[in-house]
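Hi there,

Here's the structure I promised to pass on. Have a look at it first, then read my notes below.

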Amino acid sequence: MSIASIVEELARQGWCVIPVFLSATETTALRAECLAAHTAGAFHAAAVGRGEAAGVRAEVRGDQILWLDDSHAGPAARVVLERYEALRQGVNQALFLGLFDLEAHFAVYPPGGGYQRHLDRFRDDDHRSLTVVLYLNQDWREEDGGLLRFWPEADGEPFDILPAGGTLVTFLSDRYWHEVLPSRRQRLSLTGWFRRR
Ligand code: OGA
Ligand code: MN
């Protein structure tokens with residue numbers, strides 16, 4: 001799926017699932033970068049909330065994260081960041097969102113981990129505008145759990161997305177409720193948010 005068709009689908013419905021955003025080779029390389037940093041102990045438990053209310057609550061959110069910045073983005077991560085830059089420009093031209101930067105982290109959910117139903121925009125920070133979740137898992141099956149449950153309408157029926165390696169899910173951050181169902185395997189992703197000023 002080209003960047004142009006992703007932009008078109010975002011403009012039409014506000015969300016989009018791209019089954020093969022990364023090739024198997026690119027996904028394998030990015031998974032290796034993620035796992036190398038995880039093995040090196042670079043990750044920390046993700047917190048919920050912001051400011052004084054922030055805290056680690058594994059029953060709400062069970063993943064470990066590592067923020068990505070240019071100093072430790074490997075070659076495979078750079079490929080993704082370049083493609084995201086093209087997406088950012090396309091979205092700005094078509095949707096006038098004024099996206100100006102990206103914050104992104106690797107996320108590793110241990111077996112048993114999940115993330116309760118939520119929106120990605122913090123109550124006290126409305127800068128996150130477009131979410132991008134890219135999965136890095138090999139041979140994921142439905143029995144492995146860890147599905148992304150996604151509500152196209154807040155009070156409608158959700159559908160589930162398999163976190164299969166190479167798949168990208170993108171959506172307007174303030175609009176779509178979603179949840180990570182408990183995973184039975186270690187579950188890897190690179191998750192980011194384009195922000196506006
Ligand atoms: C998040 C999130 C979804 C996923 O990190 O905010 O909702 O499938 N992640 O990992
Ligand atoms: Mn989320």
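Strand S11 gives the largest share of the shell around ligand 1, with three residues. This is a predicted model, by the way, so please keep that in mind as you read. S11 covers residues 187–196, and the other elements that give two or more residues to that shell are S5, S6 and S10.

Who sits in the shell? The residues around ligand 1 are Tyr115, His118, Asp120, Val133, Tyr135, Leu148, His178, Val180, Arg187, Thr191 and Trp193. They split into six nonpolar, three polar and two charged.

Some of these residues make polar contacts with ligand 1. A polar side-chain atom of Tyr135 is 2.6 Å from an oxygen atom of the ligand. For Arg187, a side-chain N or O atom is 2.7 Å from a ligand oxygen, and for His178 the distance from a polar side-chain atom to a ligand oxygen is 2.9 Å. On its own, ligand 1 has 290 Å² of accessible area, and the protein covers 98% of that.

Now for the metal. Which residues coordinate the manganese ion (ligand 2)? His118 (NE2), Asp120 (OD) and His178 (NE2) do, at 2.1 Å. Along the sequence, these donors follow the spacing H-x1-D-x57-H. Asp120 is in the loop between strands S5 (115–118) and S6 (128–135), while His178 is in strand S10 (178–180), so this pair ties together parts that are 58 residues apart in sequence.

Are those two buried or exposed? Asp120 is buried, at 7% relative accessible area, and His178 is buried too, at 5%.

Cheers

Definitions and conventions:
Residues are numbered from 1 along each chain as its sequence is written. Chains are lettered from A and ligands numbered from 1 in the order in which they are written. This is a predicted model: local features need pLDDT of at least 70, side-chain atom pairs count only at pLDDT 80 or more; totals for chains, interfaces and linings use all residues. Side-chain values use heavy atoms; hydrogens and water are left out. Donors are N, O and S atoms within 2.8 Å of the metal (3.2 Å for Na, K and Ca); water is not among the atoms, so sites may look incomplete. Helices (H or I, at least four residues) and strands (E, at least two) are DSSP runs, numbered from the N terminus. Buried means under 20% relative accessible area, exposed over 50%, partly exposed in between (1.4 Å probe, protein chains only). A residue is near a molecule or strand if one of its heavy atoms lies within 4 Å of it. A polar contact is a pair of N or O atoms within 3.5 Å; within protein, one must be able to donate a hydrogen and the other to accept it, and residues adjacent in sequence count only if both atoms are side-chain atoms. Accessible areas come from the Shrake-Rupley method with a 1.4 Å probe; for residues, only the protein chains shown count as cover. Ala, Val, Leu, Ile, Met, Phe, Trp, Tyr, Cys and Pro count as nonpolar, Asp, Glu, Lys and Arg as charged, and the others, Gly among them, as polar.
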